[in-house]
Amino acid sequence: MNFEEMIRHQAEQVFGSKAKADVWLAAPRDEFGGLTALECVGNEAGYLRVKALLDQLGHGYAC
């Protein structure tokens, strides 16, 4: 599995559906400097940033 596949899987778990995950993954985020989550996961550092935010959301922390 590559970084994008792992993030897609985690996002689907957090949001409960592929459709909701896709919307979140495609929206620009201030947390990522105006990039989308998918644009950030091209390297390990970006993957870890996106994963950390999804971990927070999965535990009920709103951003």
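1. Helices α1 and α4 are roughly parallel to each other (angles under 35 degrees count as roughly parallel). The axes of α1 (residues 3-15) and α4 (residues 44-58) cross at roughly 10 degrees and come within 10 Å. Axes here are lines fitted to C-alpha atoms over the stretch in contact, with angles from 0 to 180 degrees between N-to-C directions. Helices are DSSP runs of H or I, at least four residues, numbered from the N terminus.

2. The model is predicted: local features need pLDDT of at least 70, side-chain atom pairs need 80 or more, and totals for chains, interfaces and linings use all residues. Residues are numbered from 1 along each chain, and side-chain values use heavy atoms, without hydrogens and water.

3. On the α1 side, the contact (heavy atoms within 4.5 Å) with α4 is made by residues including F3, M6, I7 and Q10. On the α4 side, Y47, V50 and L54 are among them.

4. Helix α1 has 13 residues and spans 18 Å from first C-alpha to last, close to the 18 Å expected at 1.5 Å a residue. The expected span is 1.5 Å times one less than the number of residues.

5. Which residues of α1 are buried? They are I7, Q10 and A11 (buried means under 20% relative accessible area, with a 1.4 Å probe and protein chains only). Seen down the axis of α1, the buried residues fall within an arc of 100 degrees, so they line one face of the helix. The arc is taken from directions between the helix axis and the C-beta atoms. Their cover includes α2 and α4.

6. T36 lies in the loop between α2 (18-26) and α3 (37-40). T36 is buried, with a relative accessible area of 11%. Leaving out residues up to four places away in sequence, T36 touches L25, A26, A27 and P28.

Conventions: Helices (H or I, at least four residues) and strands (E, at least two) are DSSP runs, numbered from the N terminus. Angles under 35 degrees count as roughly parallel, over 145 as roughly antiparallel, 65 to 115 as roughly perpendicular and the rest as oblique. Buried means under 20% relative accessible area, exposed over 50%, partly exposed in between (1.4 Å probe, protein chains only).
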